[in-house]
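Dear colleague,

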Amino acid sequence: MTPTTPTAPRPLRVDRTKAIDTEAWIMRVLLTLGAIWLLVGVVLPLIPMIGRSFRDNNGEWVGLGNYLRYLTTPSLVQSFTNSLAVALTTTLLACGLGFVYAYALTRTAMPGKQIFRTLGLLSLYIPPLAVAIGLIFLFGNQGLVTTGLFGSLPELNINLYGFNGIVLGEFLYCFPQAVIILMTALNLTDARLYEAAEVLGASPIKTFFTVTLPSVKYGLISAIFVCFILAFTDFGVPKVVGGNFNVLATDIYKQVIGQQNFAMGATISVFLLVPSVLAFVIDRIVQRRQTALVSAKSVPLQPKPNPTLDRIMFAFCTLVVGFAIAVFATIILASLVRVWPYDLSLSLKNYDFGSVGGGGYRAYWNSIRMSLYTAIFGTIIVFTGAYLVEKGRGLKWLRSAKYFLSTIPLALPGLVLGLSYVFFFNNPIWRIPFTGMAIYNPFKGLYGTMALLVIVNIIHFYTVCFLTATTALKQIDPEFEAVSASMAVPFYKTFWRVTVPLSLPAILEIGIYFFVNAMVTISAIIFLYPANLPLAAVAIVNMDDAGDISAAAAMSTLIVATSLGVRLLYSWLTRGMRARSEAWLSR
Amino acid sequence: MVNDLVRIVTQAFSARRRQRFLSMAAASFAVVLFVAACAVSQEDLQQADSGAAGSTSSNDSSITVYTALEDDQISGYLESFQTQNPDITVNIVRDSTGIITAKLLAEANNPQADVVWGTAASSLLVAEEKGLLEPYAPAGVEAVNPRFRDDANPPTWVGIDVWMSAFCVNTVESEKLGLPIPKGWADLVNPVYKGHIVMSNPASSGTGFLSVSSILQNSPTEAEGWAYLDQLHANIAQYMHSGSRPCKAAGAGEFPIGISFDYRAVSQKNEGEPIQPVFPVEGSGWDVEANALIKKAEIKDAAKTFLDWAISPDVMAKYAESFSITSVKTDVPLPEGFIADPEAQLAENDLRWAAANRDRILEEWTKRYDAKSEPKT
């Protein structure tokens with residue numbers, strides 16, 4: 001825009017400049033608010049955490065002392081290599097199988113795709129502790145598989161406790177995440193490329209390697225990055241089925257929960273951050289080269305039937321889904337039997353949580369309420385945030401900074417995030433490092449409220465949602481914004497009337513993702529939940545601790561059923577809406 | 001002339017620059033305002049430095065209680081408190097001992113709890129060392145067995161019950177594998193048990209530490225204690241990250257023997273699991289579940305009322321229904337499944353020594369046994 005000249009301004013022109021002025025200001029205010037949100041939610045809480053790694057337990061400055069101690073303790077260094085081994089194996093498995101699964105869903109004409117789409121994400125709905133319970137009942141020393149259904153089938157002992165068990169559990173946890181990302185990547189393609197390949201006489205295998213793989217390479221890298229970090233930082237699974245196989249996340253648990261040694265806990269957290277941040281930087285460098293895959297002229301690919309391939313893929317998907325269903329079915333079974341494995345008579349008494357602790361149905365309703373808030377506010381914040389970063393104008397440095405900050409939460413393990421929040425939000429006075437100044441903590445009132453629980457959940461699951469929103473926004477031709485701007489339609493109207501309706505499938509996906517994750521998460525919440533707000537996932541931990549495994553399994557079943565129910569209800573209610581908003585994609 | 005000036009000024013502050021200038025000004029103003037509004041008075045800063053000094057009493061009638069007592073017992077205990085004090089609202093935060101202690105320490109800058117109830121004395125000693133507890137002598141403290149309370153006066157912590165190490169032995173699996181039922185610690189190093197015993201990892205669980213510390217304290221010399229642990233280690237299949245998990249694993253037949261604690265073993269047996277609780281002949285390591293008042297700027301009268309109630313005879317009678325030893329003698333008969341003379345079963349145990357040497361013991365333990373990271377095959 002050229003600035004107005006004082007000579008003979010035409011009235012129309014003045015009006016427009018003013019309009020754009022206010023619009024630019026709204027954009028700036030929103031961008032700044034978004035940046036403050038990420039600063040307070042992500043960066044500032046990490047400062048006291050990292051600060052503690054340079055002090056001993058009594059707050060005396062020890063410089064790199066903790067790091068030296070860590071590096072000279074052989075068992076701790078062993079944990080580091082163990083964590084790497086687990087993360088690499090899980091990533092390979094989850095992304096490999098996840099790719100085939102996503103390929104089957106997007107590029108073949110196999111039957112039952114809708115069902116596989118829902119069930120493929122099943123293990124995302126199962127609380128991690130319940131996954132571990134299910135695995136023990138299947139593959140433990142008395143497990144159904146190990147004993148061959150108590151002797152009626154050949155026995156199969158996979159040596160659950162240790163590396164095998166952790167990888168199996170982490171696989172269930174990472175697989176759905178890989179599928180979500182890879183499905184998005186495989187969906188975005190241009191059928192014209194395949195037509196060209198066919199016309200040029202390329203074999204299907206050659207087409208796969210020269211067209212398909214290159215076009216999803218960025219999605220594949222993202223999936224690898226997400227799976228690696230999730231498997232590297234999770235502590236729920238190794239805690240229960242890890243046996244004597246130590247990993248970094250259980251080391252943090254031992255230091256913080258077992259010995260209340262926050263200084264060492266913080267030091268290990270920093271070690272946990274290093275590979276995550278490294279993986280993140282590599283991912284960023286690679287992704288920078290990504291260009292739009294889909295232009296306005298692209299033609300969506302319609303998979304053609306190929307009976308052999310379709311049948312193989314169907315078998316494969318059934319097998320993978322079968323495994324997740326087997327684990328879930330075992331959990332349901334565990335919630336119904338009286339004394340596993342000695343008295344297998346069934347009863348529903350475990351669903352009456354009156355005699356066990358943890359808050360029972362009150363905890364269940366609290367969890368639903370918290371997850372609902374997380375889904376609603378999280379979706380609004382993530383989507384507007386992604387919109388401003390992706391489609392905003394001006395303040396380019398702020399937008400890049402916001403992009404960077406939005407991807408950091410993925411690298412933060414929940415335990416680290418939760419502890420950081422305690423140190424940061426429950427401190428009445430902040431000292432500004434190196435200045436000797438101190439200010440009152442303006443956010444102190446949040447501690448011990450539902451609001452902080454919702455905030456920590458939104459931040460904890462921010463990155464995957466942000467990446468989903470960004471991918472969706474990149475699909476929308478920038479010409480919409482250009483046309484709106486030239487017609488002097490303010491950006492917020494374009495946002496509301498064009499962007500939101502077009503991105504509706506992604507928005508709904510984000511909402512569900514927030515909901516199911518908030519239902520099952522423990523690690524970040526366990527330090528933050530207040531006395532008057534018991535939560536279902538925490539109740540599972542408490543019931544399991546108290547030996548009420550059946551009740552814990554019952555609560556897990558309720559959580560999975562709720563998440564599945566919400567998911568189905570959601571897709572049923574929004575069927576018409578999605579059909580309309582997806583119509584533009586399939587023309 | 002005037003027109004020229006206007007033009008120069010207008011150009012200098014052309015729309016773009018004016019915008020940038022205004023936004024910078026607005027931003028700096030906001031930052032200044034924010035810092036000024038939040039600047040801390042010297043008084044508060046000093047108070048923060050010296051811990052919550054100058055505590056005052058208050059009549060606020062809602063208290064937050066942190067506890068590691070078993071979840072299913074809490075509501076039963078609280079009944080009598082609520083009938084006696086209908087106007088006091090009690091908010092319970094229940095979690096495992098480790099999480100409760102970690103929460104207490106993490107919240108040191110701004111304590112949320114008013115009272116800790118039924119949490120391991122060894123953990124409260126850590127909190128005491130950090131200056132988080134306020135000494136308080138609850139009404140009726142004279143009746144408490146001096147072995148189970150802080151010896152200072154007024155005491156920092158007062159015990160309510162005792163828990164001790166015990167073995168959970170799965171009789172069905174033992175029979176299948178032809179294992180004899182062990183009688184005490186000495187039996188556990190018998191090579192027949194190789195790979196059949198699980199215990200809590202002392203680095204992540206108080207129960208695990210209890211066993212290790214009592215073995216060290218009751219061996220003729222500490223070196224002999226470590227020598228015993230070396231032998232035991234050869235038979236251990238897994239060190240688990242919770243005090244109750246070894247017993248649960250035994251109850252589900254995953255491993256025939258779990259080194260855990262008495263209450264767990266007895267309650268699992270009563271629920272129909274094929275568990276035989278074994279109290280080692282050499283004596284059991286033990287710890288006290290104790291109460292304490294949290295040091296904070298405003299200490300509520302209701303918190304003291306709660307602590308008085310928590311050692312009163314009628315709630316002691318309730319504790320005695322599930323624990324074999326209570327800190328105040330009751331005439332409640334011993335609950336089913338426990339050993340006949342529980343107090344005689346307690347091994348020599350100096351809680352202060354254990355607290356003072358905890359870091360050293362755990363470091364040595366980790367060096368010796370925790371590096372073994374390969375899964376058993």
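How many contacts beyond four places in sequence does the model have for residues 50-55 of chain B, over which pLDDT stays under 50? The model has 11 such contacts for that stretch, and since this is a predicted model, I would ask you to keep the confidence values in view while reading the rest. A further stretch of chain B in which pLDDT stays under 50 is residues 373-377, for which the model has 16 contacts beyond four places in sequence. For chain B as a whole, the mean pLDDT is 86, and 84% of its residues reach 70 or more. For the complex, the predictor gives an ipTM of 0.79 and a pTM of 0.83.

Turning to how the chains meet, 64 residues of chain B are in contact with 61 residues of chain A. On the side of chain B that touches chain A, helix α5 of chain B (residues 97-106) supplies the largest share, with 7 residues, and the residues of that side divide into 24 nonpolar, 23 polar and 17 charged.

Chain A is itself divided into domain 1, which covers 72-248 and 316-341, and domain 2, which covers 365-587. The centres of these two domains of chain A, taken over C-alpha atoms, are separated by 24 Å, and their contact takes 24 residues from domain 1 and 29 residues from domain 2. On the domain 1 side of this contact, at least two residues each come from α5 (128-139), α7 (163-187), α9 (204-233) and α13 (307-336) of chain A, with α13(A) giving the largest share, 5 residues. That side of domain 1 of chain A is made up of 17 nonpolar and 7 polar residues, with no charged ones.

One helix pair in chain A also deserves a description, namely α21 (residues 504-520) and α23 (residues 549-573), which pack at an angle of about 170 degrees with their axes 10 Å apart. Because angles over 145 degrees count as roughly antiparallel, α21(A) is roughly antiparallel to α23(A). From α21(A), the contact is made by Leu508(A), Ile512(A), Phe515(A), Val516(A), Met519(A) and Val520(A), while α23(A) contributes Ile559(A), Thr562(A), Ser563(A), Val566(A), Arg567(A) and Tyr570(A). Sorted by class, the contact of α21(A) with α23(A) has 9 nonpolar, 2 polar and 1 charged residues.

With kind regards

Conventions
Residues numbered from 1 in each chain as written. Chains lettered and ligands numbered in written order. Predicted model: local features only at pLDDT ≥ 70, side-chain atom pairs only at ≥ 80, totals over all residues. Axes fitted to C-alpha atoms, helices over the stretch in contact; angles between N-to-C directions. Helix = DSSP H or I, 4+ residues; strand = E, 2+ residues; numbered from the N terminus. Parallel < 35°, antiparallel > 145°, perpendicular 65-115°, else oblique. Contact = placed C-beta atoms within 7 Å. Nonpolar A, V, L, I, M, F, W, Y, C, P; charged D, E, K, R; others polar. Domains from an automatic or database assignment. pLDDT = per-residue confidence, 0-100.
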